[in-house]
Amino acid sequence: MIKCLLVEDQTLVRLGLANLLNLDSAIIIEAQAEDGLQALTLLAEHSFDIALLDMRMPNLDGLGVLQKMREKGDKTPVLIITTFEDCDVLVKALNLGARGYVLKNIELEELISAIKQVVAGERVLQSAVTDFLLKKQLSPQLSLTDKEQTVLQCLSLGMPNKVIAKKLDNSEGTIRNHVSQILAKLDVKDRTQAVIKAINQNLI
């Protein structure tokens, strides 16, 4: 029997998950916590095979719980049950020792499988979340302005600054500034590398 600690601040979500998971003959929700501080108290007082951890909670959030667990040397495997809104913190959570993550709208069978995998020592990274993270992390600093996007497209056509300036009705100095900003944002050294990177990351 897999003994679980379920940590979720929304009462209906927590009770619903607990009732569903308890239907599986291999799983039992041994304890429930509605915030991070309560979770840490339960972890200190009891032994669990796995902790199912929400990220957004009052008093102490999921990252805070993981940080405290690391400081205390608590090796209880953690599976994060999250939403797309919390995806930005998942990399930090994994670095703090979480064994995987799934979305709250996951099918029950998938969640049960994920729990068993984590307890068995495997990592579980739900593809829907992984795809979302990859798309967001393709270009964390590539927030090009509309004008920079237009200049980048011109660069991809091999246009020199003088031609771009005439096309866009700007001075060559202005275009040089735009090109410099593009190179900096793309973290490349020249125009050719900028175009190659932009194509690889579907920016043009």
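## Exercises on a predicted model

**Exercise 1.** Is His-178 buried or exposed in this predicted model?

*Solution.* Start with the relative accessible area of His-178, which is 17%. Buried means under 20%. Therefore His-178 counts as buried. Last, list its contacts. Leaving out residues up to four places away in sequence, His-178 touches Lys-147, Glu-148 and Val-151.

**Exercise 2.** Find the largest nonpolar core and say which elements each supply at least two residues of it.

*Solution.* Begin with the count: this core has 26 residues. Then pick out those with the most contacts inside it: Leu-5, Leu-53, Leu-66, Val-78 and Ile-80. Now turn to the elements. At least two residues each come from the strands β1 (2-7), β2 (27-33), β3 (50-53) and β4 (78-82), and from the helices α2 (36-45), α3 (62-72) and α4 (90-95). Another core, of 20 residues, lies apart from the largest one. Ala-18, Leu-21, Ile-50 and Val-118 are among its members. Finally, zoom in on Val-78. Residues up to four places away aside, Val-78 touches Ala-51, Leu-53, Leu-66, Met-69, Ala-98, Arg-99 and Gly-100.

**Exercise 3.** Compare the radius of gyration of the protein chain with that of a compact globule of 204 residues.

*Solution.* A compact globule of 204 residues would come near 17 Å. The protein chain has 24 Å. Now check the box: the C-alpha atoms fill roughly 70 × 30 × 30 Å along the principal axes. Finish with burial: 43% of the 204 residues are buried.

How values were computed:
Residues numbered from 1 in each chain as written. Predicted model: local features only at pLDDT ≥ 70, side-chain atom pairs only at ≥ 80, totals over all residues. Heavy atoms only, no water. Buried < 20%, exposed > 50% of the residue type's maximum accessible area, 1.4 Å probe, protein only. Contact = heavy atoms within 4.5 Å. Core = buried A, V, L, I, M, F, W, Y, C linked by side-chain atoms within 4.5 Å. Helix = DSSP H or I, 4+ residues; strand = E, 2+ residues; numbered from the N terminus. Rg over C-alpha atoms; globule rule 2.2 N^0.38 Å.
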